[in-house]
Every structure is written in C-alpha cells, then in structure tokens.
Amino acid sequence: MINKIGRDIPDEYLKNGVEPFQGIYYRDGYQYKKAAPTVRAYVKPDGNKLVDSIHDAVVKSGLKDGMTISFHHHLRDGDYVVNMVMKEIHKLGIKDLTVCATSLGKAHNYLVTCIEDGTVTGISTSGIRDEIGEVVSEGKLKHPAVIRSHGGRARAIEDGTVKIDVAFIGASTSDAYGNASGKGGKSDTGVLAYADGDAKYADKVVVITDTLVDGPNFPASIEGVDVDYVVKVDSIGDPEKIATGALRLTKDTRELNMAKEVAKCIYYSGYFKDGFSFQTGAGGPSLATTTFLKQYMEKDHIKCGWAMGGVTEPIVDLFKAGYVNEILDDQSFDLAAVASAHTQNHFEISASQYANPFNKGAFVNQLSFVILGALEIDTGFNVNVVQGSNGILRGAPGGHPDTAAGASVSIIVAPLIRSRMPTVRDKVTSVTTPGESIDIVVTDYGVAVNPRRKDLLAAFKDTNIPLKTIEELRDLAYQYAGKAKASRIYRPGRCLSRIP
Amino acid sequence: MKVTTQAIAGTLESSDAQVMILPHSGSVKVELTSSVFDQYGDHIIALAKDTAKTLGLEDGLIKIVDKGALDCTIKARIETAFYRMTGQTADLPWEVL
C-alpha cells in the first residue's frame, strides 16, 4: 500500500495492527488501554533477590524459546551487559528470541553470532550500527527488523505492541532489592532513562550491576518493587567509552559556518524569547550551534528555560554558565553530562516523558527548537538518518521523528554533499522523519524553509540568511556531484519507511 | 605517450582520490576502487579514460582509489600524476587541461 509520503509498504508488513503512515498527527486523541506485566508476588518477607550469576538469573527468569528480551544502551560503546547476557543465553541453547533494545552498535557485536545461528530471530531497536547493521542489511535476520524512535519504543511498550518477557537492565548501582540507578559506582552513566518502561512493563526484570550499595539506593531510576532478580558482576562496562560513537566536537570551518546559520535562524525565527527550550542532536554542526546561540543570548539578555536530550558537554557548559536554567536528561552522551547529572536542576526524565506520543503530553511537544542531523533530505523535506545511500543500516532515529514533530521549529543541518553523495536529493533511501515535521534545512550552500512555514519565510525575509528553495539546493548538489546511479538496495521497502 | 615509469598524486582523505599511473602495454586501463562505486563507478572510469585521452596517453594503468572526490578533483589528480610521470614541471598545456 502506498502511504501518505508516497512510499510503498508491502502488505506483508501491514498486519497485527500495523498501519501505513497517515500523517504525523493522525493518531491524536487515540484512546487505548495500557498493557500490564504479569507479576509474581513476593509476599513472604524472606525474599532474596540476589542471584550468583547471569546464568542463574536467566534460568530463574524462565526465559524460553520465542520470548522477547530487552536492553538499554546507556553505556553506549562501553557496554558489556548485552554481550555477557547473550553469551549465557547462547550457552543455554535458547532460540528464536526477539531483542528489544534502545539502540545497538559496536559494543553489542555478539548479537551477530546470535543472529547467524538463530538464537536471535527478531530485533526491534532505536538505532542500529556497525556489524549488526550490516548483518541485518544482508537479510540474515529471520524476521523483519523494526526500528522505532525513542518515543515510539516507549509507546510500543506501554500500549502493548511490544511485550517484553525479560528485561536485563545494567545499572551503575543497585541495592540488594533492586533499587537501581545510573549514578555512582564504577560505571557511572548519569541516568537510566530508557530502561524505565522496560522495568515497569516487562514480566521479569533482572538488574545487573557491578556496584552493590546499601539500601535504599535513592533516588532510584529503577524501583525495587519492579525488580525480580539482582546480579552482581565484576564490571558492567567501560565508562570511558560512553562518549564515543556519534559524538565529536568540530573544528571544521564548513560545519562551524553551518552552525552559525542555524543560530541565526533560531534568532530570527520569532520563537527566540526568554525561557525558550531547545534540544540538539549529536552531530558536529548541531553541537557547535550552542556556541553561536550563546552569543545571541548574551546580546538580547535571553536565557534558555530548559535544554533537553542526549545531554552533551556544550549544553552542560551553557548550563554551568547560567544560560540554561534546567537540563532534562534522557541520556548522558559524554562524561561531562554524566558528572552534571549529579548536580541540582539537572533532571532525569524517562523515555516516555521525553518523547512518547501516546502519553498525556511528552516534553518534545513543549520544545521551542530542535536541531537535528540528516544522512539524506529529499525535496519533500523527508529525512533519512538510518539507512546509508548504499542500503546498509548505519544510524539511529533516536528522538529524531519525535522531536521534529513536537518542536515549534525543527531545523536540519547537514552538508550539501558528503564524499560525493548528495545529501539533498529527489528521494531519500528510506524515510525516518516525514517532511511535514521538518521546518528548516541548513546546508553549507544555503538555507531552505519548508514552504508550509510561511511565518518563518516572512521572518527571514529581510535578514542575511541565504535562502534557497529545497529544489535549488538539490540542483546544486547534483551539479557538483553528478546524479547518482540507483544502487543496490538490500531488502527494498522494509518497514523503515513506516513512521509509527 | 607511453608510460615508462610510475607516478602518484592525491591522498586517501575523504573527498579526495589517490591516483597512480603505472606501465601497462597495449592500452589505457583504469582500475577503480571507490566509496561511491555503485553510484558513480562507471562515470569515474569514463572520466579517467577521457582525461587520459586529452593528455595523449596511449597506454598505461591508471589506478584510482577514490574516497568520494568530485570530478574536478579526480581529473586534477590524474593530470598531476601524469606530469609527475613525464617529469614535466613547466610550460604545462593549460589550454588543453
């Protein structure tokens, strides 16, 4: 069936309540009953939740063939938990599992083995990179992989689309009763925001920590009342690697110039007022925007009410300098963010609070600005951040579609051409974020405003923002790079283009 | 002009290309490794052959390792490798290039 953005979604995927995309606000007002876990009551006061090993926890959890297990990625490239758990499951010979992860990358490469031998036959995740992305792109996963945004994952867990049988939650600290936190210990992750729904909606919850502390371990991101078993291991990860992956601070003149234009767009948008809120993605130019934003804030004596997101050092620096009143943190991207998470007015929010479109109002809906990256943008302003132009899965939607749909002004910043691949093009390889939620595209060759946003076009009219149409940007990209020949696409038309 | 010795130009940086010209008898052969092979491979090979023709190359192996360079860059790298091979450093025929 052809969906609203002209993508053909094969009928075989449109089952079990899956609908083709019908507009970003199509499900506004939708009523549903939340899912609920099956809970084993611990009535007797002699319950001991500590188990000796991950092996024992897997056995006690009753994990069987065909079940769904879940993980979070707060330790990013430093994560040991996924591989440790998958190795035990592999040894036990359990097959046909679905892994529901908040993101997957380099640190989780044992999943490749598990996919190849049928231990894992289903994946649903909010990010997929490196070897795992390649294996899935080659079609080695038995069932279609489902890629949801952070908000979409929280929604799917709460409305029962995804049923987690056993959640394995790595935690920096925990007490013996399972009150667990991302703060403290040997592997400090700052927050445990993405695991919140897993703990509340999974039938069985296993906390894995390398630092057992005296109870109660408050404030606890994961509450002991939701936890079945606690396992102490030597190490849950390498905190030094939390900052690797997508993050880099740029010195590149081209990126800095784009960041300058982004800040200018924010300044002239009409939404740059005292108490505004914003979020930036983790790409080079998105991060660099904070530096230029600060200059405008100084000039007009304006302060940011709150900054949200994937929190990074540049945001923490603004916060510490008093330009940002509060930080709402769903993920600490680097060690500076982890340290800041321990301070006042730096708050942890759950994935659902952050971005779930099906609760009674997520924070994304209150954003003034969001600044995001893109692998590809088409002339319908549709954005791809997941699939490389050669068809390989190599990215993460994260909160991209959620924040773009929620923010008053959503800004994409990307170079017009990357190593000869035109970023702005006729058609993106697959759609991560639909064009109706994208307002401004900033490139190194000009700025395009979605014609739907007449207010922004009017606001930018008498400024020196180098306005172009999206078609003009596309033509420039093709003129310099030449028009690309259609490449081999693995598994064309996968549900990637379906936006929840 | 035939290739008698080898020469190199360019780097392996993103958006650049490294071009080597090596002896190869009989014809002009192009060997391409490219990060955008699927999308621009045929085009780059045709461009290399065209450039060789303009330079008056009769035989030789043009080995290109491309990291997503634009046409102007690839052409410039081939020309540089060619003139390094011939040893010509002055009076380049700019009007033909």
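**How chain B meets chain A**

Visitor: What makes A:Arg420 and B:Asp71 a salt bridge?

Guide: The closest N and O atoms of A:Arg420 and B:Asp71 are 2.6 Å apart. The pair qualifies because a salt bridge is a side-chain nitrogen of Lys or Arg within 4 Å of a carboxyl oxygen of Asp or Glu. Between chain B and chain A the count is 1 salt bridge. A word on the background: this is a predicted model, where local features need pLDDT of at least 70, side-chain atom pairs count only at pLDDT 80 or more, and totals for chains, interfaces and linings use all residues. Residues are numbered from 1 along each chain as its sequence is written, chains are lettered from A and ligands numbered from 1 in the order written, and side-chain values use heavy atoms, with hydrogens and water left out.

Visitor: Why is B:Ser14 called exposed?

Guide: Its relative accessible area is 51%. Exposed means over 50% (buried is under 20%, partly exposed in between; 1.4 Å probe, protein chains only), so B:Ser14 qualifies.

Visitor: What makes the link between B:Ser14 and A:Ser419 a polar contact?

Guide: Their side chains are joined at 2.6 Å. A polar contact is a pair of N or O atoms within 3.5 Å; within protein, one must be able to donate a hydrogen and the other to accept it, and residues adjacent in sequence count only if both atoms are side-chain atoms.

Visitor: Which residues touch B:Ser14?

Guide: Leaving aside neighbours within four places in sequence, B:Ser14 is in contact (heavy atoms within 4.5 Å) with A:Ser419 and B:Lys67.
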